[in-house]
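Please open the structure in your viewer and keep the selection panel at hand. The tour below moves from one selection to the next and says what is found at each stop.

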Amino acid sequence: MAEANLKTDEILLDMRGISKTYPGVQALEDADFSVRRGEIHGLVGKNGAGKSTLMGVLMGIRDADSGSVAMDGQELVDASPQTMLDAGISYVPQHINLLNTLTVAENILVGNLPKNRFGLVDWKAVNEDSQARLSRLGLEMDVRQPVEGLSVAERTMLAIAKALFANARLIILDEPTAALSRVEIDLLFSFVRAQQEQGVAFIYISHHLEEVFEICDRVTVMRDGRIVGTREISEIDVPILIHMMVGGGVQEYERESAAGEQTVFEVRGLSRRGAYEHVDLSMNRGEVLGLSGLQGSGVDELAQALFGLDRLGVGEVLVDGEPYRPGSPKQAFESGVAYLPQDRHRFGLVQLRSVRENVTYSVLDRLVGRLGVLMRAGEQQITEEYIDKLGIVTPGTEQRTLLLSGGNQQKVVFAKLAATQPHVLILHEPTQGVDVQAKVDIFNIIDDLSAQGVAILIISSEVRELIGLCDRILVMYEGRITDEFSRAAKDMRPEDILLAIEGGRNVGDS
Amino acid sequence: MLGIRNRHDLLELGSRHFIWVVLVLTAVVFGSTIDKYLSVPNITNILITGSVLGVLVIGQALCLMARKLDLSAEGTVSLVAVMAAWLMLPYREQDFAQAGGLGVELDPLIVIPIILLLGAFVGFLNGFMIMKLNMNFFIVTLAMQLVLRGLALAISEGAIMPGTPAAFNWLGGGRVAGIPVSVIATIGLYLVFGFVMSRMQFGRKVYAVGANEDAARASGFSPARTVILVYTASGFLAAMAGWMLLGRLEASVPTLGVGMTLNVVAAAVIGGVSLKGGEGSIIGAFAGVLFLAMVNNALNLMNVDPLWVNAVRGLIILVALIIDAQKSRYRGRAAAPDKAKRAEANQSAALS
């Protein structure tokens, strides 16, 4: 036992002092991360915690501003994807990239198919060779079948096998179980453990914490671009891990509730196959309601559908007591519903165009005079009003929004929505990709709007932000609303909410 | 004074007014090297030949601003010219590749609305197929060009139909106070569409849809309706151009308009309308038209071997495209932090 420990204590990967800054965002701050030989090392943290940036640096697709990466004590200079591959670092993505119409054997030997003496592919050798290689890894599958006939777990194992054939010693598994059944997970895990025994190390990225406890030897937690800590899995439990993920209950922002009595937004039994089921929610005037869930839990689909960007499905939605079924965003605006999209660049802004044009897009109908001619003075006035109100930092109304910082771009989108004077505002990850100052500004905007009586639905994975902002928080899991937390019930604890998001039961309720 | 604070503003200003500087330089160079280049008859000549091109460029510029392309416009020119002659001219047996019309001898005042509506309808069909049936704009308009040109050849049986009535020819060949009607009409159309694009709701929507269709939709616009209207306008303008060209030639030739598309796109791009959509102005496109018309005229006057003319034109078009590509590349670099952040966001989405 002591001997085995000695062996696995050898450090394989050593990342030291990795920092990476994007304008206004510190994506990684002095991160130290190491993996031992033959270890399965969990990497957890919320979206935006810095996992992807750290892994990007490790894969050589992101340049760190500072810090070093070493394999076997050998520092890797001139980091490029090729350097990292050569050093034995390999990445297996959530959505496996294989040549789906080709056979398993062809996928294994692609680029290096054995030829016979006529220079043609020697298919017999191809199949025998690849079968033998797979057997050595303890993987039994028919190498003649096309990859598209494999199950997701088999594809993942095949991708791992391919990495091993390319002499990988450290394999990054990114959410490998997201689309797997329990049986398949067991199959995959036993395969991964078998490779681990041969000395291969894995970095295991997952939102499913139970699985981390099931398969990992150690786990590293990231938060806000920093490494919170690395623990032996045997020394901690789920609550401790969640506590590390959300931090010490620090609330940066806490607002007064402005919720009124009158219900302005009501969703009754809304279902869309494959997206969400029996969603019920209601918001009063001035209420701020949080909604949180993992990717694939249905929150994203619900947000888009409520704004007319996607089908609503069956069920009922009422705005100010009137039935609401938006066929397009235009109809949503007309009914008093506005939506701040998560992907600001794709859905929020027309980046090539000016601040003035972007702010007034939503209210052009109000700004047309006779014969469809736009009233320039009116445009100017509205734009200046919102630049002033929301504190948009721009050289002028004619600046292309492309040239603004992320936070100011987000404020331009806010201005566009606020200009419609909505009764219901749906915000989708409103603080993603904006700097700290802009975050605070955005919180204040939310506060102002709610004080004016706007009912605000915030869809976010930033649990601490939600706790500071919201009167109530709903949690969605696998298409259903599974939990409700409220300030009134004094049960908005980040640990409980995060646990509910990950699909665990609410500790307080059980 | 010009509001220049950094390299960016300089680039903006430069790309907006670059073409006018080029235009003046071209005029000075040609004016001083070619005899009578800047004489009134020659300038008039430049403007007349530029007018048909100019009308087509408006429609194409609209399509480009909406991040689309209309390859069918030159087909519309062919078809409306043949249709108009066919409906107006008396019947005559074909001889020496010349023929008369159908024999209905419709009045020009009836024929003109018919061909304009025909052009608009063709454009509408293009837009409908692209936006409602989700077809590729390049292939749709290319196929449409073939259909239109084919119809023109079939109706005319390949023959020239000369002798269109004077009332019809007025737009292409008439003069008012010595100024060609075609030039006045073209400038009028530029003023109208320049105003529409810069001052009216429709223009605002076209730019938004061209720059970012998803964001335009999420801002409450209907990209489908906007793009269909753009193509309808392009078809209408192509019919105007066909009318104008037939009026100038006073005879329909079934191959009218062949090969114009590249010149039309080139003029728009030279005038600062980006192939990547969402940018450019109608007035800029006008400058592009003037530039191409001036160069073509100069090549004529300098007796450049016709075999070389295409090479020179092609080169000019390539230069314009290079400038267009560099413009968006530079801008892409300026916005690089955002791009990186976006890539980051995408990646974290993939990682979560």
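Is A:Arg16 buried, partly exposed or exposed? Select this residue in what is a predicted model, and you will find that A:Arg16 is partly exposed, with a relative accessible area of 43%.

Next, select A:Asp72 and A:Arg169, whose side chains meet in a salt bridge with an N to O distance of 2.3 Å. A:Asp72 sits in the loop between β4 (66-71) and β5 (74-75) of chain A, while A:Arg169 sits in the loop between α6 (152-165) and β7 (170-174) of chain A, so this pair ties together parts that are 97 residues apart in sequence. A:Asp72 counts as partly exposed at 34% relative accessibility, and A:Arg169 counts as partly exposed at 30%.

From there, go to A:Glu277 and A:Arg480, where the side chains meet in a salt bridge of 2.8 Å, N to O. Because A:Glu277 lies in strand β12 (residues 276-284) and A:Arg480 in strand β20 (residues 480-486) of chain A, the pair ties together parts that are 203 residues apart in sequence.

For a stop that involves both chains, select A:Arg353, A:Arg356, A:Glu357, A:Arg376, A:Glu379, A:Glu398 and B:Arg204, which are linked in a network of salt bridges. A search of the whole structure finds 34 salt bridges over all chains.

Now move to B:Ser219, which lies in the loop between α9 (213-218) and α10 of chain B. B:Ser219 counts as buried because its relative accessibility is 2%, and buried means under 20%. Its side chain makes a polar contact of 2.8 Å with the side chain of A:Lys416, and among the residues that B:Ser219 touches are also A:Phe333, A:Tyr361 and A:Ser362.

Continue into helix α10 of chain B by selecting residues 223-249, a run of 27 residues that should span 39 Å at 1.5 Å a residue, which agrees with end C-alpha atoms that are 39 Å apart. This helix is mostly covered, with 22 of its 27 residues buried. Just after α10(B), B:Glu250 takes a positive phi of about 60 degrees.

Finally, select B:Phe121, B:Phe124, B:Phe128, B:Leu133 and B:Met135, which make a nonpolar surface patch of about 450 Å².

Definitions and conventions: Residues numbered from 1 in each chain as written. Chains lettered and ligands numbered in written order. Predicted model: local features only at pLDDT ≥ 70, side-chain atom pairs only at ≥ 80, totals over all residues. Heavy atoms only, no water. Helix = DSSP H or I, 4+ residues; strand = E, 2+ residues; numbered from the N terminus. Expected span 1.5 Å × (residues − 1). Buried < 20%, exposed > 50% of the residue type's maximum accessible area, 1.4 Å probe, protein only. Patch = residues over 30% accessible without salt bridge, like charges linked within 9 Å, V, L, I, M, F, W, Y side chains within 5 Å. Areas by Shrake-Rupley, 256 points an atom, 1.4 Å probe, with all protein chains shown as cover. Salt bridge = Lys/Arg side-chain N within 4 Å of Asp/Glu carboxyl O. Polar contact = N/O pair within 3.5 Å; in protein donor to acceptor, adjacent residues only side chain to side chain. Contact = heavy atoms within 4.5 Å. Lists of a residue's contacts leave out its neighbours within four places in sequence.
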